[in-house]
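Open the model in your viewer and keep the selection panel at hand. We will go stop by stop, picking residues as we go.

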Amino acid sequence: MSADKRTGRERGEEWWQTGIIEMRPGVIRLRGYEIQDLIGRVSFPAMIWLMLRGDLPGEDEAALLGIALGAAVDHGPQAPSIAIARMAATCGVGINNAMASAINVLGDVHGGAGEQALSFYGDIAAAMDGGASLAEAVSARLDRFFAEEKDYVPGLGHRFHPIDPRAPRLIELTRDFAWRGVVSGRFADIAEAIEAEVATRKGKTIPLNIDGATAVIYGELGFPPPLTRGLFVLSRSVGILAHAWEQSQESDRNKGPLPKEWLWAYSGTPARPFPGDSD
């Protein structure tokens, strides 16, 4: 039927067509499942999986996804997103405004490293699929990285922790799930091989961090790299909400990034008279 022959309703239905939700009065279906059948039977991580992937995960897959999401919920007010949530709350805005302000700074530098790490792992996995060994694929990707990108290897190192306490535990759990056949363990192998090769090249270990470790899990579960960033936002939103709420219960007003007795260093032009004014 041509566009001019379609009814307004047909045109509207086509305009917002989606494979995620079906809804009409008295009916809500998510990916084909009745909402009442999901409620009380599907965990929140499983619901996330269903919405993003189109079908329900296995129980163990949902559990592993929940582990990754739970590991990155908070990193204190030294993390820009948390600090911004608290500062916004002292400006008298609502919880949603404080959360939105914080989430809006989760970009390439703060919040995007997991996506970058999984893309890095994926390049190595693709080389292995093409016949390279793990060691060959890791070495070649690092050669290219240091020659062309010259930045921090994604997923390694932490500006605050000598060893990120979250990462070893996440890898340990990933290995456990791999041993039980839930995931392959391939991305854990890749991450650990990167860590070892970088240590050899630099003469010191730069340990895996939370972004590299959660990227391992998301890769094992088959999530594409761009969704890794969105999953981090979902995870960190929990901490953002907690801090925004806690701050909203306190009496501070317009709480800036530093205590009021500490001011910034001024590096501009020294004090000078306005042109024409006498000395």
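Select Phe-223 first. Is this residue buried or exposed? Phe-223 has a relative accessible area of 3%. That is under the 20% limit, so Phe-223 counts as buried. Bear in mind that this is a predicted model.

By the ring-centre rule, the count of aromatic pairs comes to four. One of them is Trp-49 with Phe-223: the centres are 5.3 Å apart and the planes stand at 80°, so this pair is edge-to-face. Where do the two residues sit? Trp-49 belongs to helix 3, residues 44-53. Phe-223 is in the loop between helix 11 (210-220) and helix 12 (225-248). The pair therefore ties together parts that are 174 residues apart in sequence.

Tyr-218 and Phe-223 are both buried. Show the three side chains together: ring pairs link Trp-49, Tyr-218 and Phe-223 into a cluster.

Next, pick Arg-53. What lies under its charged end? The ring of Trp-49 does, with the charged end 4.2 Å from the ring centre. For another arginine placed over a ring, go to Arg-180. Arg-180 lies over the face of Phe-177, 4.4 Å from the ring centre.

Stay with helix 12 and select His-243, which lies in that helix. His-243 is buried, at a relative accessible area of 11%. Along the chain, His-243 and Ala-98 are 145 residues apart. Their C-alpha atoms are separated by 9.6 Å.

Move to the strands. Select residues 21-24, strand 1, and residues 27-30, strand 2. Which way do they run relative to each other, parallel or antiparallel? They run antiparallel, and four bridges join them. Pick Arg-24 and look across: its bridge partner in strand 2 is Val-27.

Show the surface here. Which residues make the nonpolar patch? Ile-20, Ile-21, Met-23 and Ile-28 do, and the patch covers about 350 Å². Click on Met-23, which lies in strand 1. Its relative accessible area is 63%, so Met-23 counts as exposed.

Finish with two backbone stops. As a general rule, most residues other than glycine have a negative phi. Select Arg-31, in the loop between strand 2 and strand 3 (33-34). Arg-31 is not a glycine, yet its phi is positive, at about 50°. Its relative accessibility is 26%, so Arg-31 counts as partly exposed.

Last, select Asn-254, in the segment after helix 12. Asn-254 is not a glycine either, and has a positive phi of about 50°. Is Asn-254 buried or exposed? With 58% relative accessibility, Asn-254 counts as exposed.

Methods
Residues numbered from 1 in each chain as written. Predicted model: local features only at pLDDT ≥ 70, side-chain atom pairs only at ≥ 80, totals over all residues. Heavy atoms only, no water. Pairing = 2+ DSSP bridges. Patch = residues over 30% accessible without salt bridge, like charges linked within 9 Å, V, L, I, M, F, W, Y side chains within 5 Å. Areas by Shrake-Rupley, 256 points an atom, 1.4 Å probe, with all protein chains shown as cover. Salt bridge = Lys/Arg side-chain N within 4 Å of Asp/Glu carboxyl O. Buried < 20%, exposed > 50% of the residue type's maximum accessible area, 1.4 Å probe, protein only. Phe/Tyr/Trp six-rings, centres within 6.5 Å; stacked < 30°, edge-to-face > 60°. Lys NZ or Arg CZ within 6 Å of the ring centre and 35° of its normal.
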